Amino acid sequence: VSGTINFTVNVDDNVPPTISISNPVSGQTVSGTVNFTVNVDDNVGIAQVEFFIDGYSLGIVTEEPYSHLWDTSSNIGAHGDEHALSAIVIDAAGNTSFSQPILVIVAN
């Protein structure tokens, strides 16, 4: 007797993803529309990335590229001075990681 046996191995994923802001860079002066971009990595897969300016959500992205176009003349971040950019990534297993926040200066 011969045959094929198929099976699936479910692995509990408790390894959090990694995230870092790649654009803009800390200390940069920005204006107009900025491509706010992060680098993410995970051993299983990314479910979503949420982008923040001064703690206010700009939106959620669920597929690559993990970036958000930020209109610096909008209500969020439009008033000059320094603004904190950060992001949160959630992997397919629900593990969460936070980016190191950076500060940028808006000059419109």
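Reader: Which residue in β6 is the bridge partner of Val34?

Author: Trp70 is the bridge partner of Val34 in β6. Do keep in mind that this is a predicted model, where local features need pLDDT of at least 70, side-chain atom pairs count only at pLDDT 80 or more, and totals for chains, interfaces and linings use all residues. Residues are numbered from 1 along each chain as its sequence is written, and side-chain values use heavy atoms, with hydrogens and water left out.

Reader: What makes β3 and β6 count as paired strands?

Author: Two strands pair if DSSP finds at least two bridges between them. Strand β3 (residues 33–41) is joined to β6 by five bridges, so the pair meets that definition. The two run antiparallel. Strands themselves are DSSP runs of E, at least two residues, numbered from the N terminus.

Reader: Where do these strands sit in the sheet?

Author: The open sheet has three strands, in the order β1-β3-β6, with antiparallel pairing. Its edge strands are β1 and β6 (67–71), each pairing on one side only.

Reader: Why is Asn23 called partly exposed?

Author: Buried means under 20% relative accessible area, exposed over 50%, and partly exposed in between (1.4 Å probe, protein chains only). Asn23 has 29% relative accessibility, so it counts as partly exposed. This residue lies in strand β1 (residues 18–23).

Reader: How do you know that the side chain of Asn23 makes a polar contact with Asn35?

Author: A polar atom of that side chain lies 2.6 Å from the backbone oxygen of Asn35. A polar contact is a pair of N or O atoms within 3.5 Å, one able to donate a hydrogen and the other to accept it; residues adjacent in sequence count only if both atoms are side-chain atoms. The pair therefore qualifies. Leaving aside neighbours within four places in sequence, Asn23 is in contact (heavy atoms within 4.5 Å) with Val34, Asn35, Phe36 and Thr37.

Reader: Is Asn95 buried or exposed, and why?

Author: Asn95 is buried, because its relative accessible area is 16%. Its place is in the loop between β7 (82–91) and β8 (96–98). The side chain of Asn95 has a polar atom 3.0 Å from the backbone oxygen of Asp13, and it reaches the backbone oxygen of Val15 at 3.3 Å.

Notes. Helix = DSSP H or I, 4+ residues; strand = E, 2+ residues; numbered from the N terminus.
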